[in-house]
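Here are a few notes to read alongside the structure. They start with how the two chains meet and then turn to some details within each chain.

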Amino acid sequence: MKLLKLNIFIGAALLLSMGGCKKILDEQPRAGFTPDYFQTLQGVQGGITSLYAHLRTIYGQGYYYNTCETGTDEATYAQSADENFKVMDISGQGNITSSNSRADVIWGPSYSDINTASGIIENGGKLGVSNALLAEAKFFRGFDYFLLVQTFGGVPLDLGSGELKFNTSAIRTSKRNTVPEVYTKTIFPDLTAAVNDLPDAPRVTGGVTKTVARLFLAKAYLTYGWWLENPNNIPTYPAVANRTDPAGHNAQYYYQQAYDLAVAGISNAGANYLLQPTYYDVNLAQNDRNKEILLWADHTENSTYTGGNIYDGNGPNGLNQDNYAVWMMTANYTNIRSSTSSTTWAAISSVQREAEQHLGRPYNRMCPTIGAVKNNFPDKTNDSRYDGTFTTVYRGNWPKGGLTNPTLYNANFLPVTPGSAILSFLDDEPATAITYPSGAGNSNVGAGTLPGRPDWVISPNGISRLIYPGLWKMGPYRTDNGTGLGYPNAGLTRPFNIAKFSELFFIAAEAAVKGATPKAVTGPYANDGSARALINVIRARAGKWRFDNNGNVAKVQDNSAAMIAATPATIDIDYILAERSREYFGEGYRWYDLIRTQRWTAYASTYQICGAAAGDHTIQTVTRSIDNHHYLRPIPQGQIDAMQSSVEEKKAYQNLGY
Amino acid sequence: MCTAFLLLLLTFFAQAQNENITVRGRVTNESGQAVSSASVALKGTSIGVTTGNDGSFQILAPANGTLVISSVGFATIEVDIKGQTTLNAKLTTSGTTMEQVVVIGYGTQRKEAVTGSVASIAGDKLRDIPTPNISQALQGRIAGVDISQTSTRPGATMQIRIRGDRSLTGSNDPLVVLDGIPYIGSLGDLNPNDIKSIDILKDASATAIYGSRGANGVILVTTNRGQKGQKARVSYNGYTGIQTVFAKYPMMDGPEFVALRKAAGVYSTNGLDEKNDVNTDWQDLMFQNGLVTDHSVSLVGGTQQGSYSFGLGYYQNQAVIPSQQYTRYSIKASVDQQIGNFFRVGFTSNSNYNLSEGNQIGIYANLSNTPISNPYNADGTLKKTVKMTLDEQYVLTQDRIDSLHDAGTWLNETRGFASYNSLYGEVSVPWVKGLKYRLNLGGDFVQSNNGGFTGAGVNNILATAVSSANISNTHTYHWTAENILTYDRSFGAHSINVLGLYSAEQTKVNGSSMSATDIPNEAFQFYNLGSALATNITVNQGTYQQSGLMSYMGRVMYSYNNRYMLSATVRSDASSRLAPGHKWHTYPAVSVGWNLVNENFMKDIAVINNLKLRAGFGQTSNQAVPVYSTLGALAQRPYNFGSAYAIGYYVSQLPNPELDWEYSKTINLGIDFGMFRNRLTGTVEYYSTKTEGVLQSVGLPPTSGVASIVQNIGKTQNKGIELTLNGTIINNANGWTWDAGFNIYANRNKLVELADGKTQDIGNGWFVGHNINAIYDFKKIGLWQKDDPYRSVLEPGVDSQIVGSIKVLYTGAYDATGKPTRAIGTNAGSDDRQIMDVDPDFGGGFNTRVSYKGFDLSTVGVFKSGGILISTLYGSAGYLNLESGRRNNVKIDYWTPDNTDAKYPRPGRNISGDNPKYGSTLGYFNASYLKIRTITLGYDFNYKLLKGSDVKLRMYATVQNPFVMFSPYHKESGMDPETNSYGNENQAVASYQRRLLTIGTNTPSTRNYILGVNLTF
């Protein structure tokens, strides 16, 4: 009897434990998504969010930012630069190679994004996703391909499962399409569909709209027009026999398309997009996501959603998704010293590292050239854009760092108080020569003195690789500093701006300069549609002041008339490029503007800067050896390495000269 | 299928009947004297009793059964009962080791009959080293088993590698089996006092029985059980001791640091809190003496039909870092009960609760503080921070930590609870002699909860830094069901043992974690994260994994006349981790043995008492395919649309239904021998393991839109030899006895093939033809001296920067005049970095025990020779050898114009980033060392004071880590040469693959002085 009970017990246990024999071999993930999720509506929507999120991996990424600016007339490498920055200068500091060119930052994320977009476009229709939503995916595919084709030349349209198809294969070869194929098979149709199907007002804050799509389509037409025209015979890759358009159109046709779309963008923006009243307002952190900004990579003051850690630059993704481009062009202003004593020099840090728009984290990797400050911004009085671009005055903030001294002593042992200018970059060369120290001097950064001035001074000709004005427009801002310095080492919690409404004026003007037939612009910015009229809209706004940023005082002034008066009667491409630099200095446009117009060699083959040692204020003129092959970046080594191809095939895959 | 099998089994239950009789008898030796404590066991079962002082025994056994009688020092004999109720047996003296029974997979076997590679160590031998963790006690004890320290924190467990690494991305940890059930927990969850023996299966012919989990070797842990009829005995084992810092980190003192900063010339002015006449020993302000305490009580006994064993344990270790400690409470129970003549049931339960505290405290900030900075204010209070020339650092001393700990504003706790349980029922099938069915059911539950809290401004130079708190938890559930049918029978000279198994098991792990900042009330610590503002709370991704394994297995062990042995195994495993259609795989193994000593021609060679040749071959695999990885994966990325939050998804891994295990094929050859009446015994083995289909994450071209795919492409290989010797050098001569053991082994690990015929994968640190553990870096060949030829070509720069800096090997070409054609560098096509193998040439261990009149003195040591030791303290990863005077520096002999034959470069020159150029090369040392792990002096009170008493008492004093020899690293730094960190831990910039073990800024290793007692009554 006892035995029987036992048998029943064991038998029952056995049955219980083995009941689901087969079932234990099944897999059901419950905490991770598999690619099947893209077959659901929620998956498609999440995919679209991911398309926006990928902007963060590119825009605000400091090393990619470097490739857009270093080596142009706007910027060179600074004192703490490493190889990534030095080679981009093309000034004998090493060659740009497939390994050290940081254009890889766009290569990988773009293809991941293109694949996601293709997956959405393929599955979305079946799942009943609206055309407006699908148009967002098409916008991003067109956007990514446009970025790729400008940077690398012709790039693959087939990721492994067929042209513009969602890739599910582990294929390890790749074949590049030609530039015209990329434009005509994806960029134009995708962005055209986006223009047609996107709404006028954004679906979400920062969402893409008809106007955004018009800007990029117009810019793509313009760029393709330049490519067809090829005024300076810059080679393309993969090579094409002659630059003919598969659709049989000429460059002029595309300039006109660009013009028409840009003007349509200006005329039809309605109340969704507007120019800000002053240039200062465009870039003022408190005014982020304003109506002038068409597209941005967003960030917020929340570690989970900003992509990084809001307390330091060591978030879960490293710096991969952080906005930290501005660190690169920030000099180490924290080395500036004042004195606690009015008689003997007792050094103390008076401008401390702070999460404030003028300051932020110094990386000292890039700096503006002397020419950028002197020539690109010749008028620093009427034109508010110099003041609205740079930090030219570093002000004392020591109480925020816990120092209680009410007064410190600075240049000429003159007293300074919190908020006083500690170091100023002068707008022009002063009448009296600046006395610079040999070496670091009391300022500890080699800054000079002028009689009677309590602030250290550096004139435009004294700008060096060590100490130079910072980029106020892109500096950090956050709301949780309290009375302290905040968290200056964290990635920025501000959005990184990618495209602005103002650029529609520049595109239309450039197209007009290239021969597009003007037509009247309607709406709030009504004008005759000529290049000069379009540019004057921008210049008039640049003449309006409401705040003197570096003087740190209110300044209500309207210099629009003077600005317009100074506009030349005939606008040429060089004037457009000069205006673009004033409007978008340091925002990552420059290299693309110069290669599009093929004016890079002309603009950037020499530049001026002082040396990297403290106290070195001797102008050096540096020569760059910009070659035609530099107009395309090398295909990243990661791509070459991962391909299962012969050495010859790999060589043929790489752009010429690399 | 399943059901049919179950029905079959149920039939066995219903039918099982036979008649048991009580057998009485006496066991004597050759001269007729009683043999006490001899084991009398019923063959093919675990039923057994021990003889009393007069050699008598009584056992309930089937009338047709066989008794196996054994005792240490005697040859084991088998006696058929044949219905007799009285059975006297005579044992003959034999060697000591050869008659042991060893635990093999799903059963036991006489050591004499073993054909695979199985190494055993008894629990009491393990306890020679008083430690909370058997992995620590195993170090250096078994040839081919390499045990490395991965952390010096209290409660840390060791990394175990049996015969090298095989897998590149999967686990190389061996399978642990606890009392027959695959064990999912940590070895740290087991109280060493509960362990009876550990048996390690090293080769595939022994591990193939564990099929898809056998490739990394198997550790079989057997816990104490009572024996039938055994008198109840209570044992108490306890020890307590202090831990002192083995060696302080070799940092500079004030004057040395001032000289370095001056020589570097980088920082001409001191920081606000620095003065050249200050000499602060920051480590003295931090470290304390640690304390270790262990108490274990056990009760073991038996009744006529059953037996039981209970154990309770308490262990605590307070570290040398204030507030850091580990505490464990453990409880163990096992019961076996015979029911009727043919049934036996029993259960085993091992549970523990453990608590780790204070692991948030790092020592980098302490070590890197300059010795010339003064931590005290003028009024004697501790400064919050010290301002050095460039850095400001939070002041962390024992006083500071204690006060924060008392205030409850800085803590980190991990609380673990684990319960491992198994239940069995066993029935002997009466009408087929030797046939038995057994059901094993296992059920385990493991949970771990972590909580951490850092108050506002704590451990932060910003007084305004907000508080932060985090919690996380994981739960693991695991069940196993095994049906085992055995047939064990001898027919004359033929012995056969057949085993069939059907089993299933499933593991589920899930976890969650969250964190918050700015906790409104600091008293909440990490107990109410919800009290923070919703925007300050982050709930992290949850984890969930469920995997199952289903298996059939069969094994035949045959032996003829104790001379020729054969063992053959086949196992089929199906795993949920593989895609449908690819789930099943079958693993074969076969091994043979020849007991030469039992051949007639050996009879006359008296000096040899044992000689056995073994050979085996088998295939196994490694469950390296991560759960769900055949399905592909989407990665998530959050985004904000202004203030609206959203989550995006993109494809990060393509599905791969073809994924398969990594298969290892092993050949094993062995010789076991015993000489001089088995006073010298030993084993020599050779093995070769080839692993194929090694999983690699293959990088796809970025143009495929997906970063990578996991594929089975790659081959690795391990070859090695092992030698183990045990001897009784003096056998009770004038009361002196001296036993010694020695083992030495060499493993040659090699990566044979990577994806696409590539010879190297620099990103992952894999190089064909080299160890899986290899470093890729420049090779330091000295320092640049003023007149070195071609210096300006190889290392361009001005003399004042380059002379005295690190000179590394140049591998490029030379022109006709012998001039190098380029500078040293890492540009495309001019990479001068070298591949350096990390594994040692050989390693091993030794132990010796001398006893005299109740005293015993024993020593256990471990050694290894060759290989590379990575010390991030000296390399550039640790930021403790910046040589710039920015922070404190390790004490080094550096180049100056007056000291040009120094080992370390000229301070402050030829800097790359923050470190001397090629500074990483300063962190590589010869890894050789010989270390005495323990010296124990014990006294057995039963020798005189308690002679003949039932109370057994032994007391001992142990010193652990007394000294280190033959270690170049120890010689230079004074430190313990054992690693203390994974390759990406305890350094300023994570610079190495995690799998490379390093010495970094972890809790210092200790030298321990312990007093202990073993009491049984």
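1. First, a term: a polar contact is a pair of N or O atoms within 3.5 Å; within protein, one must be able to donate a hydrogen and the other to accept it, and residues adjacent in sequence count only if both atoms are side-chain atoms. Across the interface of chain B and chain A, 19 residue pairs are in polar contact, both at pLDDT 80 or more. On the side of chain B that touches chain A there are 47 nonpolar, 26 polar and six charged residues (Ala, Val, Leu, Ile, Met, Phe, Trp, Tyr, Cys and Pro count as nonpolar, Asp, Glu, Lys and Arg as charged, and the others, Gly among them, as polar).

2. Some ground rules: this is a predicted model, where local features need pLDDT of at least 70 and side-chain atom pairs count only at pLDDT 80 or more, while totals for chains, interfaces and linings use all residues. Residues are numbered from 1 along each chain as its sequence is written, chains are lettered from A in the order in which they are written, and side-chain values use heavy atoms, with hydrogens and water left out.

3. How many residues of chain B are in contact with chain A? It's 79, against 77 residues of chain A, with contact meaning heavy atoms within 4.5 Å.

4. Now salt bridges (a side-chain nitrogen of Lys or Arg within 4 Å of a carboxyl oxygen of Asp or Glu). Between chain B and chain A the count is zero, yet over all chains it comes to 71. In one of them, Glu510(A) meets Arg596(A) at 2.9 Å, N to O. That pair links distant parts of the chain, 86 residues apart: Glu510(A) sits in helix 15 and Arg596(A) in helix 19 of chain A (helices are DSSP runs of H or I, at least four residues, numbered from the N terminus).

Key:
Helix = DSSP H or I, 4+ residues; strand = E, 2+ residues; numbered from the N terminus.
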